[in-house]
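Hi,

Here is the structure I promised to pass on.

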Amino acid sequence: MLEFERQYHSQGKKLIAGIDEVGRGPLCGPVVAASVILPQDVEISGVSDSKKLSAKKRDTLYREIEIRALDIGLGIVHEDRIDEINILQATMQAMRESIENLKQRPDMLLVDGNIKPLTSIPQESIIKGDSKSLSIAAASIIAKVTRDRMMGQYDMIYPGYGLSRNMGYGTREHIEALKSNFSTPIVSNDTRGS
């Protein structure tokens with residue numbers, strides 16, 4: 001999972017940030033992006049696409065990434081802004097914010113997906129990057145755990161929607177709650193409500 005990082009390290013790039021986001025598909029809640037800069041040739045066993053990991057494994061890896069990363073930046077775009085600019089633009093804004101919130105300026109960006117250049121920093125967009133790049137996979141875990149924790153907080157504020165279980169995705173439980181309880185103020189993603 002270090003092929004991309006090693007390629008750019010060999011070209012003299014020292015600070016390579018992996019970038020990923022979560023929250024494009026749910027009916028409610030924010031989009032959260034993370035940028036993670038890892039030390040050269042670091043190995044963190046078990047890091048993979050966050051969607052393929054259990055919540056317990058993600059929490060364990062989150063702590064290890066926090067300890068071992070050279071730098072972590074987060075970008076969070078909330079529901080009202082998503083509705084203003086659309087989910088794609090909100091995703092790119094969250095990614096840019098995550099880069100801006102790094103303490104160190106990266107000299108290379110590895111971005112999950114097919115994302116246009118985010119900044120003037122050189123960038124490679126990698127389809128399914130969270131299963132091909134350790135830095136992107138680490139960013140995926142940081143973003144997912146951060147957003148899941150936020151949705152757990154929302155669940156306490158808006159009980160009855162199962163947000164700590166469905167994280168705002170359109171599960172049967174969530175859809176049924178919408179039919180009986182209507183929507184909450186945390187609607188987002190240009191969608192039907194929550």
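Let me start with Asp130, which counts as buried at 5% relative accessibility (buried means under 20% relative accessible area, exposed over 50%, and partly exposed in between, with a 1.4 Å probe and protein chains only). Before I go on, a word on the source: this is a predicted model, where local features need pLDDT of at least 70 and side-chain atom pairs count only at pLDDT 80 or more, while totals for chains, interfaces and linings use all residues. Residues are numbered from 1 along each chain as its sequence is written, and side-chain values use heavy atoms, with hydrogens and water left out.

Back to Asp130, then. You'll find Asp130 in the loop between strand 5 and helix 5 (helices, H or I with at least four residues, and strands, E with at least two, are DSSP runs numbered from the N terminus). Leaving out residues up to four places away in sequence, Asp130 touches Met1, Asp20, Ser48, Asp49, Lys51, Asp112, Ile136, Ala137 and Ser140 (contact means heavy atoms within 4.5 Å). Asp20 sits 110 residues from Asp130 in sequence, yet their C-alpha atoms are 7.6 Å apart in space.

Gly129 is in that loop too, between strand 5 (123-126) and helix 5. Its relative accessible area is 0%, so Gly129 is buried. Beyond its neighbours within four places in sequence, Gly129 is in contact with Asp112 and Ile136.

Gly129 and Asn101 are 28 residues apart in sequence and 21 Å apart in space, C-alpha to C-alpha. Asn101 and Gly73 are also 28 residues apart in sequence, but 4.7 Å apart in space, again C-alpha to C-alpha. Asn101 belongs to the loop between helix 4 (87-100) and strand 4 (108-112), and touches Ile72, Gly73 and Leu74 if residues up to four places away in sequence are not counted. With a relative accessible area of 46%, Asn101 is partly exposed.

In helix 4 itself there is Gln93. Is Gln93 buried or exposed? It counts as buried, because its relative accessibility is 18%. Its contacts, not counting residues up to four places away in sequence, are Val77, Arg81 and Ile85.

Two backbone angles are for your notebook:

- Asn86 has a phi near 85°, a positive value in a residue other than glycine. Asn86 lies in the loop between helix 3 (79-85) and helix 4, and is partly exposed at 33% relative accessibility.
- Met167 has a phi near 55°, also a positive value in a residue other than glycine. Met167 is in the loop between helix 6 (163-166) and helix 7 (172-181), and is buried, with a relative accessible area of 13%.

On to helix packing. Helix 2 (residues 55-68) and helix 5 (residues 134-157) pack at about 115°, with their axes 9 Å apart (axes are lines fitted to C-alpha atoms, for helices over the stretch in contact, and angles run from 0 to 180 degrees between N-to-C directions). On the helix 2 side, the contact is made by Arg58, Asp59, Leu61, Tyr62 and Ile65; on the helix 5 side, by Ala138, Ile141, Ile142, Lys144, Val145, Thr146, Asp148 and Arg149. These residues divide into seven nonpolar, one polar and five charged (Ala, Val, Leu, Ile, Met, Phe, Trp, Tyr, Cys and Pro count as nonpolar, Asp, Glu, Lys and Arg as charged, and the others, Gly among them, as polar).

The largest pocket holds about 220 Å³ (on a 1 Å grid over the protein atoms alone, a pocket is an open set of points with protein on both sides within 12 Å along at least five of seven lines, a cavity is a set where a 1.4 Å probe fits but cannot get out, and lining residues have an atom within 4 Å of a point). Volume here is the space filled by probe spheres set on the points, with grid points joined across faces, edges and corners. Of the 15 residues that line the largest pocket, Glu21, Val22, Gly23, Lys51 and Tyr169 are the closest to its centre. Helix 5 gives the most to this lining, with four residues. By class, the pocket lining has two nonpolar, four polar and nine charged residues.

The whole structure has one cavity of 30 Å³ or more. The largest cavity holds about 40 Å³, and is lined by Leu2, Glu5, His9, Ile16, Leu38, Pro39, Gln40, Asp41 and Ser135.

Cheers
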